[in-house]
Amino acid sequence: MPFLPFVPLWREVMERTHQYALSGYLIALADDELILGHRDSEWTGHAPILEEDIAFANLALDEIGHAKLWYELAADLLGEDKTIYPDKLVYFRDAAQFRNIQLAELPKGDWAFSTLRQYLFDAFEALRLEALSQSSYTPLAEIATRIRTEELYHLRHSQAWVLRLVLGTEESGRRMQAALDALWPYARALAAPLPGEADLHAAGIVPSSAALFEHWSSEAIAFLQSANLSIPSSFIPHPSSLVDSRRVHSEYFPALIQDLQAVARLDPEAQW
Amino acid sequence: MDTQWPRYMVFQQEGPDQPMVHNGTVHAPDAELAMLNARDVFVRRPEAVQLWVVLADVIFTQTQEELEKAEPVDQSTSQLVDYYVFGKFTQQAQCRHIGQVQASSPQVAVAAAIATFADKQPLWWWVFPASTVLKNESSESDPMFSAARYKTFKDQAEYPVITMMRELRAKANHKDTENTK
């Protein structure tokens, strides 16, 4: 890796405004992973078959692991202690301070819903991570490359299940269509810029979410149609309200955060 | 109606110099999902470099005892296909890869294996046509297997729950004794 000697310099070279913006961007990215991972973990002990119970526990661990990597990089950029900062962000922020998209936080629903959500996310993540692995900020590019390897497996897994559930029985097909109808409007928020994205994109550090979304939606629509699903016509919210979409959470979110943080908040000083 | 999915046998190679060994079974509606299930169930850790899944029903097996009672097989040489040969050498050992033979039927494959691998005497022979195996694509081996390499995990022994509980109980008992004095 010929560029390694330059890594320590980057923090000096990167403009302070970019450091700050990138930390906010990464925290939002990490929040998506954390919250999706939390929802995935809710299948532990409840999945329809043992093998998928294990698979979803693996997915949850992977997503939460990815969140940790991004939180740690954000800590580096902010000059925070990266052994402590991720826990502070996860356990001691209020629900309103999280920047994940609503698509990640919706209750796990039935197996069709969770599987389809996972597919929509995995397909988007594969594109975003591919772009991030080309980032001009080397530490970011390296982590993206590593995460992408795992996400490619996730995508293979979720695509395999989407196809089989849609083409399986009448009931599984009906449930998949219902899941798509419910999820599709929320997927529109994948196009929303992450915090700080405009400046970071101009500096070649991160991709444009809107451009990724164009690419993603043509891929996802082709795949879903190949599986015989009909694509809902409406995308809600309307693009004009997207900018703030990561600041607004669904009615289900406070309970999720309560569940996630309850034990840590019982005794904030406890050593685990 | 039997709603149970068929069983697939999972074979795994843990390192480039290791043989393929039978690691367990998964249920799956088809071979591709059996492969994904095998990955999630068996190769999250320890590490693997290759994974095979085979429908359990296509594996023909014969123990030493069954071989002694078996009728002589028709040694027809028509329509030869490749068979993988596996063997279990002790009760505890996993069934491991021995080699490959060509045969016209599973019974003939076992007979051919006994002749070809005369120095091997497993307690139990397993043979199956090579064409029935789904192997992971080597181009996908990184997404399939990298998790085991990068994920750190705590060994169960690192959670000192049993000792900790013993100490807590001892402390509680001690307190009770103090209180009743």
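Trainee: Which residues does A:Ala67 touch, not counting those up to four places away in sequence?

Mentor: A:Ala30, A:Glu33, A:Leu34 and A:Gly37. Contact means C-beta atoms, placed from the backbone, within 7 Å. This is a predicted model: local features need pLDDT of at least 70, side-chain atom pairs count only at pLDDT 80 or more, and totals for chains, interfaces and linings use all residues. Residues are numbered from 1 along each chain as its sequence is written, while chains are lettered from A and ligands numbered from 1 in the order in which they are written.

Trainee: Where is A:Ala67 found?

Mentor: In helix α3 of chain A, residues 50-78. Helices are DSSP runs of H or I, at least four residues; strands are runs of E, at least two; both are numbered from the N terminus.

Trainee: Is A:Ala67 buried or exposed, and why?

Mentor: Buried, because A:Ala67 has 26 C-beta neighbours inside 10 Å. The cut-offs: 20 or more other C-beta atoms within 10 Å is buried, 12 or fewer is exposed, and in between is partly exposed, with C-beta atoms placed from the backbone.

Trainee: Switching to A:Asp244. Buried or exposed?

Mentor: Exposed, because A:Asp244 has 9 C-beta neighbours inside 10 Å. A:Asp244 is in the loop between α10 (209-226) and α11 (253-266) of chain A.

Trainee: What about A:Asn228, where is that?

Mentor: In the loop between α10 and α11 of chain A. A:Asn228 counts as exposed because it has 12 C-beta neighbours inside 10 Å. Check its backbone: phi is positive, about 75°, although A:Asn228 is not a glycine. Most residues other than glycine have a negative phi.

Trainee: Zooming out, how many helices and strands does chain A have?

Mentor: Eleven helices and zero strands. The C-alpha trace spans about 60 × 45 × 40 Å along its principal axes. Of the 272 residues of chain A, 42% count as buried.

Trainee: What is the radius of gyration of chain A?

Mentor: 19 Å, which agrees with the value near 19 Å for a compact globule of 272 residues. That is taken over C-alpha atoms, and the globule rule is 2.2 Å times the number of residues to the power 0.38.

Trainee: Where is the kink in α7(A) centred?

Mentor: On A:Arg148, at about 25°. The bend at a residue is the angle between axes fitted to the seven residues ending there and the seven starting there. Helix α7 of chain A covers residues 138-167 and reaches 43 Å from its first C-alpha to its last, close to the 44 Å expected. Expected span is 1.5 Å times one less than the number of residues.

Trainee: Now the interface. How many residues of chain B are in contact with chain A?

Mentor: 16 residues of chain B, against 14 residues of chain A. On chain B, β2 (21-27), α1 (31-42) and α4 (141-150) each give two or more residues to that side. The chain B side divides into nine nonpolar, three polar and four charged. Nonpolar is Ala, Val, Leu, Ile, Met, Phe, Trp, Tyr, Cys and Pro; charged is Asp, Glu, Lys and Arg; polar is the others, Gly among them.

Trainee: How many residues of α1(B) are buried?

Mentor: Nine of its twelve. Among them are B:Leu33, B:Met35 and B:Val41.

Methods
Contact = placed C-beta atoms within 7 Å.
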